[in-house]
Structures are given as C-alpha cells and as structure tokens.
Amino acid sequence: MLFYALTIFLSAFLLFQVQPIIAKMILPWFGGTAAVWATCLLFFQSALLLGYFYSHGLVKRLKPKQQWMLHAGLLLVCLALLPITPSASWKPLTPDAPTFRILGLLAATIGLPYFLLSTTGPLIQAWYVQSNPGATPYRLFALSNLGSMLALLSYPPLIEPNLTLHHQAYVWSGGFAIFAVLCIFTGWRSYRTAVVAESVAAPEETAPQAPTRSLYLMAIGLSAVPSMLLLSLTSHMSMDLAPIPFLWILPLALYLLTFILCFDAEGWYRRIYFLSALPFAIGAIGWLMRLDPSARPDVRICIAEYSLSFFIICMCCHGELARLKPHPKFLTGYFLMVSIGGAIGGVFVALIAPYVFNANYELPLSLACCVAIAALVLLRDQDWPFRKELLGWPSIALFTLSALMIGGLAREMREMVSDSILVARNFYGELRVRQYEGMYDWDGHRSLVHGAINHGEEYTHPARRKEIATYYCPDTALGLVMKARSIGSIQRVAVIGLGTGTIASYSRMGDLYRFYEINPLVKKIAYEQFWYLKSAEGLIDIAMGDARLSLEREAVQNFDTIAVDAFSSDSIPVHLLTREAMLLYFHHLKPDGALAIHISNRYIDLKPVLERAANSIGKYALVVETEDDEEEKCYGTTWVLITGNKDLLDRPDFKKAGEAPKPAPWLPVWTDDYSNIYKVLK
C-alpha cells in the first residue's frame, strides 16, 4: 500500500497547497476581496468534478494498461507547462463581472496540473482495488484529506513567511514533478499487478449490489450542503468578523478534517451525538448572525462558536455520506456524485448568489438546506427507531422543529434588509445605505455600510450636506494636509477608494479630485444616495478599476496629494501597501507631494509595514491618530502620512498631531512578491 499512499498524500498536499499560492498571486488584480477566494474555490471544486468524472470514465472504459498509458501521457505533457505563474495579460481592463476572467485565468495557469492532481484520489484507489481484489480503499480517501489539510495549515506558518511567491511557484512545480514520476511508477506497478491478480482471482460468488439512484442523489445533497456552508460562512466571517486570511483557511481545514474523521474509521462519527447537536449548531450560527456588531462576544469567541457549529454540521453531513459508501467496485461513481454536490454548492454561492440576490442570503439558505437534508436523512433511514411510525409524535416533532428553524431563518432574511433604504450587491460584496433620524431634522444622517464597517456618513439636512465627518475630519492626517494648502492654490488630488465621496468636500474652485474605485455599485450609490460628489466645488473625475492597474496605465498625473482609503470591510488591500505601490504613488506625485494612507483596523497593525515601505524608498513618515469626538461626528482614526517634503512634517501642527512610526527592522519590506499579514496581527 506504500506507493499508493505516498502518491495520494503528495497529490492531495499539492492540490491544496497551490490554492493559497495562486489565490495570493491573482488577488491584487481583482481588488483583494474575499470574493476572489470564493471564485477560486468554485474553480477548484469544478476542476475536482472534472477530475472525478475523468477517473470514473477511465476506470469504466479502459483496461488497466490503457489507463496507465493515457494518464502517464497527460502527466508528461503537464510537466512541459511548468512552472505555474499567471500571465500579466490576464489583468482586468475593467472592473465589471470579473468572475469568468478569474476562472479563465486559473484554467490557463493551473488548469491541467490541478485537473490531474484532482484525478489522483479516486484513480489511485481504483488501481489499488484492481491490484488487490477484496481490499477496502476508503482509508486512502481519509489519507488524501489529511494531506489536503496539512497543506492548508502549513502555508501560513511555514511557506508564506519564508518564501516569496516566485519561489513558492517553483518549489510547488518541483513537487509536482516528483508527484508525476511517483504516479507514473505507481500506475505501471499497479497495472502489472492487476494483470496477475486477474489471472489468479476466483470468480465472485455474488455480484455486489449497485448503488441506487436514490443513494446517489443523497450523496449529492449531503456533499452540496457543507460546500454551500463552507463558502457562505467563510465570506460572512471575513466580512463581519475579521479580514485575516486565517478565516479563509480555518473553515476549509475543518471541512477537510470531517472528511478525514468520517472516512478513516466508523468510530469517529457517533450518529446519536452529532445529530442531537445539529439543531444547536444551526441555531448558534443563526443567533450570531442576528447579533448587532456592538453586542457580539469577543471576536475569538465568535470564531470559536462559528467553527464548532460548522464542524458539527459537516460531521453530520459527511458522516451520513460515509454511511452511504458503496462496494469498492463502484467507488469512482460514488466519488463523482460527491464532487457533483461540492460543485453545486460552489456554483450557488460564488456564481449565482452575487448576481441574483441583493443581500447575503446564502448563509441562511445554507442553514435551511442543512435542516432539510437532516430531516430527509432521518426519514429515509430504515434503522431509525421511529421510522415505522411516520405519523407518530417523533416525526411530528421533527417536522415541527424543521419548520420552526426554516421559518426563523426566513425571518432573518427579511430582517437583513429591513433597516436599510437600499441594499445591493455584486462580486465585490454587499452594500447598504441606512437612514438615521435624529431628535431634530438637523441631526438626521445616512451611512454607507459594507459588511460590518461604516464607509462614510452624510447629514441629510441641506445646510449640512457638505460637512466632513467620520474618518476624514480636519484633525486627521488628510485634514492637516488639506489645511496646509496655500490660499488660492489649485490642487490635484487622487483618492483611492470612493466610499460616499466625503473627501470631495475639501475641493475648491479649480481643483481636480480624481477618485479610483473598483466597485461600480459604489459609484452608483455615491451619486444617487449622497450629495458630496454633486455639491463639490472642484472638478470630480472617477476612474473605474483597480487603482494600481489604472495608475500603471496612466501618464504622470502630478498630484499634490494622494489619499488611500480602499479597505473593504476591514480587508487589507496588500497590493496597495507594497514598495512597488509606493514607488508608483510617488511617480504620480509632485516632488513636494504627500501620500496619506488610512490604516484604521481592529485586528492588524499596518504602521510597521508603512514605516518599512517609506524607509525603503527614502521618504519620511508620520503617524496621526485621533479619537472619537463627543458629538460622534468624527471617528477615531489612524492615518500615516508619507512624503519627501521634510518641511511639511516639521510644521508645528503636524508635530503636535502625530509622531514618526517606530522602526521595525524585524519586518521584511512588503513587496509584490512577499507579504505576510500574520506578522502584523494585533
């Protein structure tokens, strides 16, 4: 079994190690949002489906030697396509509907290697059964998932801090070459052994019973539900709890862990305990969703509760899935159904939901599907003690509980939009406009919210519509720069991140304010629901698309000031903070120009990152931190001002307002090829 185990383990490790590598490579091109990761997961699940379909067809239609020859040939072709590095030609020219561009990029870059890796699990298990008649291969499936989980968990502490993206691609490509050799050898050895086993094997006394259509449909449903929940919960936690990449990996690692436990041995999944805990797990997620951000427990407690509930749900689904596994003769068809279910879940969350729903309904819908599939599992199970009493009180209780839980989730979906005058979403996430009425008309205001983060507010009284509030008040670094302008001077200002357009209120007659915004919905909402842009004194221009890509294509702009405020619900746009990004900004700034970067964040301390970046290009930095004011008009913020104009920072008001960041020699300079958010977590 050694060669089969080594081949499966290495293929699974490479299969999931390439996911964070390629996602990190392309993340900057598409705005750095969690939706990019969700789209990548959709691609991975779809490629897995194709791989399982290929394995099923190969085993059913070709003889062992023919299987080996075809697969070995494809592996050799794949070696010629290494290393895996995405072409810059895939960078988007417009921000509209990037989902299919991401899928095309992934297909062109890692499509064939990933496809062949995805075939390994069912194909190697089938080869093992061919060579060892009567053997049970399902523990190899558990080993495969162990390799996948170790790949994910090893990336943040071992791979990302020690290797640049360029080196990661080459090391991974070397690992794939080793896998290809190992797989070709294992296949050759397998088909030779299979010929011998076939010649000496005694005929089976009774043919194994083929899986029914009902079993296959249940397998699809039991794999689709946790797949839906995986993507929807990952997106929800990344947007509403914290933007740390750990929350992209943690749910997927738990998802794989449940596969390992359920398919390794029957003792791990104790039906009575997990199914009893299932309603509480679903209820816990629903309860956390309803809580106002200010009323939630500590973020670590929230993450633990979400993770435990997700683990219980996946254990129930994957445990029941393992109970359905057929005779090894039919394992490729069974795994094909499992992959179909996973792909259905991914397509629903990553491809359908962003373009069909106006809010993030997929999480409550996923929970409702959990309730439905659990009820269906129990009702169709002949061994369930109450199965014979279909209309007895246990069944009535089950249906009542299911109806109550689904009804509660439906009410949650209604309340998700009830407090907003506008809710809209697209690939980049969900946006809400909320109206707040004060004690007097003078105090009424509305806000733009993305996830749990306020992205700007504006007073609705006509006399107060130009008042600057939230993160951009006069005592911030941006406000100080604007106040330091010479009377009568005409300013050219770039703003990366539009929001409500608050910064436009600083404009004066003759000024040019050029906003860079990647999300088309933000531009639409800023013009239709707020007045900052419409009432600005200066000329307003909006460039749609990723700011770095736009600036790279533009001629020198000679800006006086560049303001970077492009965080999306606390997520970190790493590509806007690297040394290359700084050089690009100062390429477009006048020699005495200033760069102001908004880095307010609950979980990540970016001051060392910007200190290192400023020092690496020979510029000065100043950290300006403010507190909430008594009127709750201006929020507490952290801005970093970077400039080559030492005289500006020596002014008394700047010295009084801020201080130079502490040197951070322990932190490597972030570049487009290297960054590590884990080192700057608070």
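Me: Which hand does the crossing of α9 and α12 have?
Reply: The model is a predicted one. In it, helix α9 (residues 271–290) packs with helix α12 (residues 362–380), their axes 11 Å apart. The crossing of these two helices is left-handed.

Me: Are α9 and α12 roughly parallel or roughly antiparallel?
Reply: The two helices pack at an angle of about 160°. Angles over 145 degrees count as roughly antiparallel. Therefore α9 and α12 are, relative to each other, roughly antiparallel.

Me: Which residues of α12 make the contact with α9?
Reply: On the α9 side the contact is made by Arg271, Leu275, Leu278, Ile282, Ile285, Gly286 and Met289. Their counterparts in α12 are Leu363, Pro364, Leu367, Cys370, Val371, Ala374, Val377 and Leu378.

Me: Cys370 of α12 takes part in that contact. How far is the sulfur of cysteine 317 from the closest cysteine sulfur, in cysteine 370?
Reply: Cysteine 317 is buried, at 5% relative accessibility. A disulfide needs sulfur atoms within 2.5 Å. The sulfur of cysteine 317 is too far from that of cysteine 370 for a bond, at 5.4 Å.

Me: Which cysteines form a disulfide?
Reply: The structure holds one disulfide. The two sulfur atoms lie 2.0 Å apart, and the cut-off for a disulfide is 2.5 Å. The pair is cysteine 473 and cysteine 634.

Me: How many residues apart in sequence are the parts that this pair ties together?
Reply: Cysteine 473 lies in the loop between β4 (453–459) and α14 (477–483). Cysteine 634 lies in the loop between β10 (620–625) and β11 (638–643).

Me: Is the disulfide of cysteine 473 and cysteine 634 left-handed or right-handed?
Reply: The hand follows from the torsion about the S-S bond. That torsion is about -95°, so the disulfide is left-handed.

Me: Is cysteine 634 buried or exposed?
Reply: Buried means under 20% relative accessible area. Cysteine 634 has a relative accessible area of 13%, so cysteine 634 is buried.

Me: Which backbone nitrogen does the side chain of serine 600 reach?
Reply: Serine 600 sits in the loop between β9 (589–598) and α18 (607–616), and counts as buried at 18% relative accessibility. The side chain of serine 600 also makes a polar contact with the side chain of histidine 598, at 2.7 Å. The backbone nitrogen reached, at 2.8 Å, is that of threonine 638.

Me: Are α3 and α4 roughly parallel or roughly antiparallel?
Reply: Helix α3 (residues 64–79) and helix α4 (residues 99–131) pack with axes 11 Å apart, at an angle of about 155°. That makes α3, relative to α4, roughly antiparallel.

Me: What is the relative accessibility of cysteine 78?
Reply: The contact of α3 with α4 includes Cys78 among the residues of α3. α3 passes α4 in a left-handed crossing. Cysteine 78 counts as buried, with a relative accessibility of 0%.

Me: What percentage of contacts in the chain between residues at least 6 apart in sequence join residues at least 24 apart?
Reply: The chain has 20 helices and 12 strands. Buried residues make up 60% of its 682 residues. Of the contacts between residues at least 6 apart in sequence, the share joining residues at least 24 apart is 76%.

Terms used:
Residues are numbered from 1 along each chain as its sequence is written. This is a predicted model: local features need pLDDT of at least 70, side-chain atom pairs count only at pLDDT 80 or more; totals for chains, interfaces and linings use all residues. Side-chain values use heavy atoms; hydrogens and water are left out. Helices (H or I, at least four residues) and strands (E, at least two) are DSSP runs, numbered from the N terminus. Buried means under 20% relative accessible area, exposed over 50%, partly exposed in between (1.4 Å probe, protein chains only). A polar contact is a pair of N or O atoms within 3.5 Å; within protein, one must be able to donate a hydrogen and the other to accept it, and residues adjacent in sequence count only if both atoms are side-chain atoms. Axes are lines fitted to C-alpha atoms, for helices over the stretch in contact, and angles run from 0 to 180 degrees between N-to-C directions. Angles under 35 degrees count as roughly parallel, over 145 as roughly antiparallel, 65 to 115 as roughly perpendicular and the rest as oblique. A crossing is left-handed if the near helix is turned anticlockwise from the far one by less than a right angle, and right-handed if clockwise. Contact means heavy atoms within 4.5 Å.
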